[in-house]
Amino acid sequence: MRRASSLACLLLAACGAASSQPSLPAGAKADRLLVDKSERVLIAYAGNREIVRYRNIRFGDAPTGHKQFEGDERTPEGKYRISGRNPKSAYHLSLRISYPNAADRAFAKAKGRAPGRDIFIHGQPNAWPGPPFARDWTDGCIALSNAEIKQLWDIVPDGIPITIRP
């Protein structure tokens with residue numbers, strides 16, 4: 001009985017996560033993104049109008065503070081761009097963030113370290129059959145549900161700015 005109750009709770013949690021996807025205006029295209037790490041939100045804008053907001057986004061295992069070095073498991077903070085996309089990512093779709101910028105590289109070099117690379121907004125691991133992870137788990141990326149990254153993928157062109165705030 002206890003096992004059946006646990007399974008029922010797990011299934012309900014998975015359904016709840018799937019139904020939390022925000023709707024979009026028809027034909028929406030974003031021209032900038034804002035990530036607020038402390039609020040755990042990613043917002044897409046068209047002009048000054050918010051077109052979609054994703055809540056409870058996940059970050060690197062050490063989410064507080066700006067990414068400085070390879071392996072620190074932090075998510076960058078600052079102004080970047082969406083610099084490409086990978087439809088064959090090991091994580092369900094991925095949008096590349098232009099980290100490191102010149103200042104990030106200079107800081108790491110001055111400390112004799114590598115700044116890290118390959119920071120993306122992406123979905124869940126392709127091999128993961130369950131609901132989205134409910135904790136920070138990436139190596140510094142920004143993780144969404146698979147449905148959310150698919151939606152974002154469709155409205156975000158390469159080259160738009162992304163601001164990541166603490």
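**Figure 1. Four aromatic side chains gather into one cluster.** In this predicted model, Tyr91, Trp128, Phe133 and Trp137 come together as a single aromatic cluster. If you count aromatic pairs across the structure, you will find five. When you look at any such pair, two things describe it: how far apart the ring centres are and the angle between the ring planes.

Figure 2. Is serine 89 buried or exposed? It counts as buried, because its relative accessibility is 10%, and the cut-off for buried is under 20%. A polar atom of the serine 89 side chain lies 2.9 Å from the backbone oxygen of tyrosine 91. Leaving out residues up to four places away in sequence, serine 89 touches Ser94 and Asn126.

Figure 3. Helix H3 includes Trp153 among its buried residues.

Figure 4. Three helices and eight strands make up the list of elements, and along the sequence they run α-β-β-β-β-β-α-β-β-α-β. The protein has 166 residues, and 40% of them count as buried. Among contacts with a separation of 6 or more, 59% join residues 24 or more positions apart. The accessible surface is about 9100 Å², with 55% of it belonging to carbon and sulfur atoms.

**Figure 5. Leu33, Ile121 and Leu152 have the most partners in the largest nonpolar core.** This core contains 29 residues, and those three touch the most other members. At least two core residues come from each of strands S1 (32-36), S2 (41-46), S3 (49-55), S4 (78-86), S5 (94-97), S6 (119-122) and S8 (161-165), and from helix H3 (146-155). Which element gives the most to this core? That is H3, with four residues. Now focus on leucine 33: setting aside neighbours within four places in sequence, its contacts include Leu42, Ile43, Ala44, Ile82, Ile121 and Leu152. Also among the contacts of leucine 33 are Val156, Ile160, Pro161, Ile162 and Thr163.

**Figure 6. Helix H3 packs its buried residues against six strands.** The buried residues of H3 are Glu148, Ile149, Gln151, Leu152, Trp153 and Ile155. They pack against S1, S2, S3, S4, S5 and S6. A handy reminder for reading this view: an α-helix has 3.6 residues a turn, so residues three or four places apart point the same way.

Figure 7. At the start of H2 (residues 102-110), a side-chain oxygen of asparagine 101 comes within 3.1 Å of the backbone nitrogen of alanine 103. After the helix comes glycine 112, which has a positive phi near 70°. This glycine is in the loop between H2 and S6. Glycine 112 counts as exposed because its relative accessibility is 67%, and exposed means over 50%. Between the C-alpha atoms of glycine 112 and phenylalanine 69 there are 9.8 Å, although the two residues are 43 apart in sequence.

Definitions and conventions
Residues numbered from 1 in each chain as written. Predicted model: local features only at pLDDT ≥ 70, side-chain atom pairs only at ≥ 80, totals over all residues. Heavy atoms only, no water. Phe/Tyr/Trp six-rings, centres within 6.5 Å; stacked < 30°, edge-to-face > 60°. Buried < 20%, exposed > 50% of the residue type's maximum accessible area, 1.4 Å probe, protein only. Contact = heavy atoms within 4.5 Å. Areas by Shrake-Rupley, 256 points an atom, 1.4 Å probe, with all protein chains shown as cover. Core = buried A, V, L, I, M, F, W, Y, C linked by side-chain atoms within 4.5 Å. Polar contact = N/O pair within 3.5 Å; in protein donor to acceptor, adjacent residues only side chain to side chain.
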